[in-house]
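Good morning, colleagues. Please look at the sequence and the model on the screen while I describe a few of its parts.

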Amino acid sequence: MPAAPYAPHQQACLEWDDQGQPLSSQFADVYFSNENGLAETRYVFLANNQLPERFSALTGDQQLVIGETGFGTGLNFLCAWQLFEQQACPAARLHFVSVEKYPLSKADLMRALALWPELAPYTEQLLAQYIALHPGFQRLVFAGGRVVLTLLIGDALALIGQLDAKVDAWFLDGFAPAKNPDMWTPELFTALARLSHTSTTLGTFTSTGYVRRRLNDAGFNMKRVPGLGKKWEVLKGVFVGSSAALQKPWFARPPQPVGERRALVIGAGLAGCATAASLAQRGWQVTLLERHMGIAQEASGNPQGVLYLKLSAHHTTLSRLIVSGYGYTRRLLERLQKGTDWDNCGVLQLAFDAKETLRQAQLAAAFPSDLLLELDKAAAERKAGIALPSGGLFYPEAGWVNPPALCQLLIRQPNIHLQLHQEALELRREDDGWQAWNGQQLLASANVVVLASAAEIKGFTQAAQLPLKRIRGQISRLPATAASRTLSTVVCAEGYVAPARLDEHTLGASFDFNSDDLTLSSADHLSNLQLLDEISPKFADQLNSAMLNTDLLQGRAAFRCTSPDYLPIVGPLADASAFADTYAALSKDARKLPEAPCPWLQGLYINSGHGSRGLISAPLAGELIAAWLNDEPLPVPADVAQACHPNRFALRALIRNKA
């Protein structure tokens, strides 16, 4: 994947006419009809895609997926949502995927959508989540999970090329072909065809012969139909071509589960709670098994976790996952109690040496300033409220979170049944489902199981081959002082310190690959205090760190769970032995593309290996698993999903001839 689609995006530059309608300065074109934008949207996109009838025909647990080129003001999305609410049954779902290279600022979006007061109930919900929309895939969830919007921020061709979805209706929008030719190319139409099927429809406001012919070439049967108002003609059509393409079977979607929509999630940390929430929002009845006396008792139990974005200027798969996951988590946090459960105080990463200074300069050039910006020493000190040894990168929308509060929020819904003090030790396949056992005791059964119990997952024979490893980490809890309360943002160097929560600062965190002991360590407290001294010697003095007795200091130790490539392990599980046999030819020729389907362990999934990034990656990973289980558009690019896939390790072993 080239870096260009993920380069810093430009916000839309708008002008406003005498009627208060927005015009694009970049393209010298209008966002919607000056006569009646609502009527045009409803005719060109809703009626010409037969959406009133198709929404009405949806039965419980069915969904319709709309794809759009050009989100603009979001008018088409809001109109589709309104119609869906009016026509579809309560259990149906709407997925809307739209690409936008030049997103509007929130202020401009608010002003533009104020023109349509009848859409106000939907506009308000969109504006409430119009936060942290940075380059790449961004997922927004509305109406308790019934309506999902996936925004692709960046270049249309590159991002749609990475979309894994089956689209039922296309809104071919964007500025006029003469104004914005990049949105009307044969290459883009071919990308739309790849995501279409024999019932996929398409509507567009243009009637240009070139567009009609190129869409026909891509496999759509397009025809001109009467337009609306001054627009004499528009185009509508249906896909009649073939979208079949060779796919690597080990990354293909498993068959959809049959029977009752019942799921068992093992482990009630952040990964398990997020997975349970994403499934429950889609109507699944979820049993959440936890071996401890409460949820979030292990790595998800710290009083303060930091939204720490370790990014790459080269837009690696991990970096793109982080940007997408950060946005999703950040929007979730708006539902928590600010001040006790979370705070968007910002995160400052100090440029503590020459190498880090260079890295930060590269990041500042590679990402938009609303995600991160460089601050010199004086500006960093003003932002943090304490004396600092250097400037650094500031993430203005980030901050700290109380992970247990986020876990509680996620499972606070009626479709989730929490069972505590129940440790699943064995999984057995029975008929078309799975059973979780503890010795002779049957704990629960379901046709789908998601393993979310960190490294404990390796205790199940079905997942024993996965290279999950534990890393002990310890945080220190420091009593706030009158002087320390000036700290107003999270500050990170090799360690981190957060502003006071409930009159305590969280300081951390140690890394120990070899210890299995969770007893609080005086040596690790001392190491954390040394990290604090590197962040700010003066602030360490304000906390009286030299006077603290590390034997009596409060803190918390837990095991993080990570993988060898530091990407999480998220997705469906295959039978390891059968996988090696089925694809043995890869050990001789890695370029082969076998036709044999993957030997899936039907209905068995994993969400683990998030390391110290769980706050950012685990909630979005829950959405990823739900997308697989419900045949929905994936919330991340296809190459990112594959980079996180459990099968990547067995595949590498075969290619290296080590199976």
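**Sheets, helices and one loop**

Strand S22, residues 433-438, pairs with S23 in the antiparallel sense over five bridges. Pairing here requires that DSSP finds at least two bridges between two strands; helices (H or I, at least four residues) and strands (E, at least two) are DSSP runs, numbered from the N terminus. Within S23, Ser-445 is the bridge partner of Gln-435.

Before I continue, this is a predicted model, in which local features need pLDDT of at least 70 and side-chain atom pairs count only at pLDDT 80 or more, while totals for chains, interfaces and linings use all residues. Residues are numbered from 1 along each chain as its sequence is written, and side-chain values use heavy atoms, with hydrogens and water left out.

These two strands belong to an open sheet of three, ordered S21-S22-S23, with antiparallel pairing. Its edge strands are S21 (426-430) and S23 (441-446), each of which pairs on one side only.

A second open sheet has six strands in the order S20-S13-S12-S24-S31-S30, and its pairing is mixed. Strands S20 (416-419) and S30 (569-574) stand at the edges with a single partner strand each, so one side of each lacks a neighbour in the sheet. Inside this sheet, S24 (residues 448-451) and S31 (residues 600-608) run parallel and are joined by three bridges. Val-450 has Tyr-605 in S31 as its bridge partner.

Let us turn to the helices. The axes of H10 (residues 317-333) and H17 (residues 614-629) come within 7 Å and cross at roughly 85°; axes are lines fitted to C-alpha atoms, for helices over the stretch in contact, and angles run from 0 to 180 degrees between N-to-C directions. The two helices are therefore roughly perpendicular to each other, a term for angles of 65 to 115 degrees.

Which residues of helix H4 (residues 106-113) are buried? They are Asp-108, Leu-109, Ala-112 and Leu-113, where buried means under 20% relative accessible area (1.4 Å probe, protein chains only). Seen down the axis of H4, these residues fall within an arc of 120°, so they line one face of the helix; the arc is that of the directions from the helix axis to the C-beta atoms.

Finally, Ser-545 is found in the loop between helix H15 (537-542) and strand S29 (554-562). Ser-545 is buried, with a relative accessible area of 14%. Leaving aside neighbours within four places in sequence, Ser-545 is in contact (heavy atoms within 4.5 Å) with Leu-529, Leu-532 and Ala-540.

Note on methods: Angles under 35 degrees count as roughly parallel, over 145 as roughly antiparallel, 65 to 115 as roughly perpendicular and the rest as oblique. Buried means under 20% relative accessible area, exposed over 50%, partly exposed in between (1.4 Å probe, protein chains only).
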